[in-house]
Amino acid sequence: MSGAIDWLHHDTAGLLLLCLVAIALLLFLIIKIKLEPFISLLATGLFLALAAGLNVRTIVGTALKSSDSVLEKGFGGILGHIAVIIGLGTVLGALLEKSGGADVLSRRLLKLFGPKGTPVAMGLVGLIFGIPVFFDIGIFVLAPLVYVAAKRGGKSLVLYALPVLAGLSMTHAFLPPHPGPTAVAGLLHVDMGWLIIIGLACGLPAFAVAGIVWPLYIAPRVPVSVPDEFIAAEVEGEEKPEPSLGLVMAVILLPLVLILGATFGTLILDPHRDLLSFLTFLGNPAVALLLAVLLAYYLLGVRRGMTNAEFSELSSNSLKPVGMILLVVGAGAFFGAVISATGVGAALAKSLSSAGLPVLLLAYVISCGLRIAQGSATVAIVTTGGIVGPLLTTDGYSQAHLALIAAAICAGSIILSHVNDGGFWIVAKYFNMTVKETLLTWSVLETILSLVGFGMASLLWVII
């Protein structure tokens with residue numbers, strides 16, 4: 001018996017077996033037992049820690065001190081990095097939504113592209129508005145605009161809905177401040193500026209194929225009409241005073257510009273100059289998003305009649321869904337910390353080295369498998385980040401390569417959305433599609449986004 005335990009705790013094959021059992025347990029708890037992902041990740045991490053032979057003090061500390069434990073360090077390390085970013089990003093998105101920024105953006109683009117270019121315009125609306133707004137919120141806000149465009153265009157609703165969905169999904173998967181990319185940046189220690197650069201390089205080509213080319217092909221084959229009741233909600237929004245397009249774009253792009261300014265400044269400026277310190281401060285993601293929120297609060301809120309009480313209510317309502325997201329990410333980071341502490345990460349790295357399997361491909365395949373099995377992109381990302389993170393500590397990967405691995409994980413997390421994904425049912429409901437039609441349109445769109453995004457990451461891996 002002691003020989004078997006020793007094999008599990010110290011042998012590469014034994015440690016890998018423990019990791020596989022832990023992942024199987026995680027999927028069982030989420031899929032079969034229907035346990036919250038946060039609780040499932042926490043329970044699985046504790047199981048793996050005990051099964052791999054970590055002592056109790058290492059796992060949870062003592063009754064008097066637990067700050068050095070794997071549990072608190074795993075949770076605290078990642079939440080200190082992402083909680084402020086996700087919180088501020090959520091409030092910024094709520095301000096843009098409340099102000100009618102989506103209406104301004106869509107109408108200007110529709111006018112610019114004309115009737116024939118309406119699908120492209122709708123895709124750009126989803127792409128731009130998706131930067132600060134969560135995926136499901138983006139659908140709720142933009143769906144009425146899609147209905148009107150489809151009614152005026154007289155073609156299948158699919159032609160106008162898929163471009164918007166592609167834009168929202170791409171930004172949600174590849175760009176901060178969305179939870180998945182922000183979490184994986186913390187887990188892999190990727191600079192946020194590099195994540196934005198690589199996310200755009202991988203995500204934009206994927207958006208072009210999935211959001212422009214694919215709808216043109218599939219829409220004539222899946223005719224979906226717009227029920228009259230879908231249009232009713234749009235009429236109310238027409239009366240609201242609207243901000244200017246320039247103001248909306250400035251608020252959306254300000255944090256990205258500041259973050260990229262700090263990244264490029266680090267590459268080209270003298271590290272001892274005050275200018276770099278100034279750019280570094282402004283380009284810190286938390287600072288950049290705080291400035292954007294304050295700007296939006298004043299220009300989109302105070303100047304347009306919003307009271308402090310209204311802003312407080314708007315902020316608190318928008319932040320309610322964030323709590324569970326942060327708990328899932330924290331539990332996923334703990335799971336990853338356990339993998340590192342038990343030696344599973346080192347065993348996996350040794351096996352990969354002997355098998356010659358590229359870490360980029362491994363990251364993508366694991367993320368794909370977790371996404372298809374349990375449906376949640378965030379769970380797929382944080383779990384994969386926890387597994388892959390310990391493999392990256394010894395090989396001296398550059399920030400660009402770490403960002404590419406993060407992009408591969410993000411790409412895998414959106415593949416083949418189907419009936420176990422909440423987003424699948426939101427899309428089906430809001431765009432009047434049957435399950436079969438949603439599988440033919442939305443599920444394929446997500447798979448194209450995933451495959452092209454990973455293909456771009458693989459290409460850039462060879463070039464950089």
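Which residues lie nearest the centre of the second largest pocket?

1. The model is a predicted one. Gly186, Leu187, Leu188, His189 and Gly389 lie nearest the centre of the second largest pocket. They belong to a lining of 23 residues, and the space inside the pocket comes to about 460 Å³.

2. Several helices contribute to this lining. At least two residues each come from helix 5 (70-99), helix 10 (179-188), helix 17 (322-342) and helix 20 (377-388). Helix 5 gives the most, with five residues.

3. A nonpolar patch on the surface is formed by Trp7, Leu17, Val21 and Phe47. Together these side chains belong to residues with about 330 Å² of accessible area. One of the four, Leu17, sits in helix 2 (residues 12-32).

4. Is Ile414 buried or exposed? Ile414 is found in the loop between helix 21 (399-412) and helix 22 (422-430). Its relative accessibility is 5%, so Ile414 counts as buried; the cut-off for that class is under 20%.

5. Ile414 can also be placed relative to Ala380. The two residues are 34 residues apart along the chain, and their C-alpha atoms are separated by 8.9 Å.

Conventions: Residues are numbered from 1 along each chain as its sequence is written. This is a predicted model: local features need pLDDT of at least 70, side-chain atom pairs count only at pLDDT 80 or more; totals for chains, interfaces and linings use all residues. Side-chain values use heavy atoms; hydrogens and water are left out. Patches are made of residues with over 30% relative accessible area and no salt bridge: like charges are joined within 9 Å, nonpolar side chains (Val, Leu, Ile, Met, Phe, Trp, Tyr) within 5 Å. Accessible areas come from the Shrake-Rupley method with a 1.4 Å probe; for residues, only the protein chains shown count as cover. A salt bridge is a side-chain nitrogen of Lys or Arg within 4 Å of a carboxyl oxygen of Asp or Glu. On a 1 Å grid over the protein atoms alone, a cavity is a set of points where a 1.4 Å probe fits but cannot get out, and a pocket is an open set with protein on both sides within 12 Å along at least five of seven lines; lining residues have an atom within 4 Å of a point. Grid points are joined across faces, edges and corners, and a volume is the space filled by probe spheres set on the points. Buried means under 20% relative accessible area, exposed over 50%, partly exposed in between (1.4 Å probe, protein chains only).
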